[in-house]
Amino acid sequence: MATRKTSPDDLLGPVTLAVGQEDLLLDRAVQEVVAAARAADADTDVRDLAPDQLQPGALAELTSPSLFAERKVLVVRNAQDLSADTIKDVKAYLDDPIEDISLVLLHAGGAKGKGLLDAARKAGAREVACPKTTKPAERLTFVRQEFRRVGRSATPEACQALVDAIGSDLRELASAVSQLTSDVDGTIDEAVVGRYYTGRAEASSFNVADRAVEGRAAEALEALRWSLSTGVAPVLITSALAQGVRAIGKLSSARGGRPADLARELGMPPWKIDRVRQQMRGWTPDGVSLALRAIAEADAGVKGGGDDPEYALEKAVVAVARAARLRRGGA
C-alpha cells in the first residue's frame, strides 16, 4: 500500500478524503478537485456516486481504462455507508490507484466505516477537514475566512454583525459574504452589513420576511415594494424569506427549553428565539413546506429564471403569508 502523503495543495492527487458533516465544506472539497481536473482536461469525466450506486465490482468497472484515455473524477458520498464488500474493493484500489483518476471519498468521520477511513489515511490520501460548526465562535471564524478567501477585508464588528443577522447556516453566511463583496468596494464594515441585513426597518429585506411569516400579507407587500424602490437586491429578499421560514421550521421541531439553550442548539441568537416563537403561531409542517417551495420558485425567478422578478417576489410573499395562516384556517 502506498504510504506517501499527498500534499494538501495537490488537488489532482490519486485520493482526496473529505472528513466531516458540514455539507458546504464537503461540496467545496469536491468542487475544488473537479475544477482542477477540468483545468487539466476539459473533457474530464465526473461521476458522483451515492453508496447504493457503488455495488461490489462497480469500482473496477469505473476505473477501467478508457478508449479515449480521459481524466476521471470519482466522487463517493457517505463512504461510511458503503457495503462491506464494496469497502474491500475501495481498499484494494487504494493499494494501486490509477493515474489520471482522482477518487474523492466523503466520510462523516465517525466510528462507522472507520476501517475505510484508516485505510485511506494510511494510503497517504490528501485530507480535507469538513467539521460541522456548532459554536458561534466557529461561525465567526468561518466568516472571517470567507472574506479572506475572496481576497477582501472586513472589520471584526462587520463579521460579528453578519453572524448575528444570518445565524448558523454556512451556505447563507457564504452567500452573504459573496453578495457584500460583489456589491461593495473597499473594506466591509458594520455600517455596510447594517444597510444590507438590518438597515432602515421599512426598507429591510428582513422586515419583508417578518411581516410575511406573521401572515400579514398586505404589510409584507407594502414593505416589499418600498424595499425594491430603495434598491434592495431581490436576492436578499428571497434569502430573508428563506431564513425566516427555516427558522420557524427549526424551532417548531426543537425540544422545549430556555431561549439560551435553544440558541445553542439551533445556532440562533437568543433574541431571535423569542421573535421566532411569536412568529410561529399558525404555522404547520405543511405550511413550512409550501412556503419553502414558493420561495425556491421566486429565487429561481429573480436569478434569471423568470421575466418579472418583482412579480415572482410578490407571489412568494403572498404564498408565505398564506402558509402562516394554515392552522388558523386562512386561505
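Is Ser102 buried or exposed? I looked this up before anything else. Ser102 is buried, at a relative accessible area of 1%. For the cut-offs, buried means under 20% relative accessible area, exposed means over 50%, and partly exposed lies in between (1.4 Å probe, protein chains only).

Notes on the model. I am working with a predicted model, where local features need pLDDT of at least 70, side-chain atom pairs count only at pLDDT 80 or more, and totals for chains, interfaces and linings use all residues. Residues are numbered from 1 along each chain as its sequence is written, and side-chain values use heavy atoms, with hydrogens and water left out.

Entry: Ser102. I placed Ser102 in strand β4. Next I listed its contacts (heavy atoms within 4.5 Å). Setting aside neighbours within four places in sequence, Ser102 touches Leu12, Gly13, Pro14, Val33, Lys72, Val73 and Leu74.

Entry: the whole protein. I counted 15 helices and 5 strands. These are DSSP runs numbered from the N terminus: helices are H or I with at least four residues, strands are E with at least two. The protein has 331 residues, and 47% of them count as buried. I then checked contacts between residues at least 6 apart in sequence; 75% of these join residues at least 24 apart. The accessible surface is about 16500 Å². Carbon and sulfur atoms hold 50% of that surface. The areas come from the Shrake-Rupley method with a 1.4 Å probe; for residues, only the protein chains shown count as cover.

Entry: Asn78 sits in the loop between β3 (72–76) and α3 (84–95). I found Asn78 partly exposed, at 40% relative accessible area.

Asp100 lies in the loop between α3 and β4. Its relative accessibility is 36%, so Asp100 counts as partly exposed.

Entry: Ala111. Where is Ala111? I found Ala111 in the loop between β4 (101–107) and α4 (114–122). Why does Ala111 count as exposed? Ala111 counts as exposed because its relative accessibility is 72%. I also checked Ala111 against Gln80. The two are 31 residues apart along the chain, and their C-alpha atoms are separated by 8.6 Å.
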